[in-house]
Amino acid sequence: MNITEETIVKSYPKIALNVLITLLFSLMIYTPLFAAESLKTPLIDISGWEAEPAMEMEMNINGVKMLNATRSYEKGDNTIDAAIMVTSQQMGMASFQGMNMSSGGIKIESSEMDGLKIMHTHDSNENEGNIMVLLGETETNSAIFSLGYSGISGKESMAILKQYNLKQIQNATNALMK
């Protein structure tokens, strides 16, 4: 079989179509990986804290999909674990609505910051807690930012939370919930 320039030119549209289909199929398979990767960017360095590189993960358990990115920080014996999570299931965020209580050194407060609902739990006996920020929720998806900490006060944890660009994180998660 002689391959001429004319044969190559006539075959070009078929070759290009096959390449395009292969590329699109590859993107469909790997899009969650790129999506989870995009969640790592907002996990900033915190001044005075040593940080591990941010890690991403995609999970699919019985049809419930979750993308998340996490980053751990240390300063002496104090630790912070930040996580951004997008899930294909509602997380029942109604608990963010007006819950405030205090008992035996454990304090739970719901509030708002930058128009986002926050649930802050702090155990002053152990000097640890967790801040959860509701980034968005649709009929089928939820997105949250979580900041777990140990060895710092509730006030210091809120100051650290304010260093994160919550609107940037919200924009990143909202793009994945569409």
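A nonpolar core is a set of buried Ala, Val, Leu, Ile, Met, Phe, Trp, Tyr and Cys residues joined through side-chain atoms within 4.5 Å, where buried means under 20% relative accessible area with a 1.4 Å probe and protein chains only (exposed is over 50%, partly exposed in between). This is a predicted model, in which local features need pLDDT of at least 70 and side-chain atom pairs count only at pLDDT 80 or more, while totals for chains, interfaces and linings use all residues. Residues are numbered from 1 along each chain as its sequence is written, and side-chain values use heavy atoms, leaving out hydrogens and water.

**Nonpolar core**

- The largest nonpolar core holds 31 residues, and F145, L161 and Y164 have the most contacts inside it.
- Elements giving two or more residues to this core include β3 (64-75), β4 (78-87), α2 (154-161) and α3 (166-176); helices (H or I, at least four residues) and strands (E, at least two) are DSSP runs numbered from the N terminus.
- Leaving aside residues up to four places away in sequence, L161 touches M113, I118, I131, V133, F145, L147 and L166, contact being heavy atoms within 4.5 Å.

**Strand pairing around β3**

- Strands β1 (residues 50-51) and β3 run antiparallel and are joined by 2 bridges; two strands pair if DSSP finds at least two bridges between them.
- Antiparallel pairing links β2 (residues 55-61) to β3 over 7 bridges, with E58 opposite L67 in β3.
- β3 also pairs with β4 in the antiparallel sense, over 10 bridges.
- E74 in β3 stands opposite E50, and its bridge partner in β4 is T79.

**Hairpins**

- The β2 and β3 hairpin has 2 residues between the strands, and N62 takes a positive phi near 50° there.
- In the hairpin of β3 and β4, with 2 residues between the strands, G76 has a positive phi near 65°.
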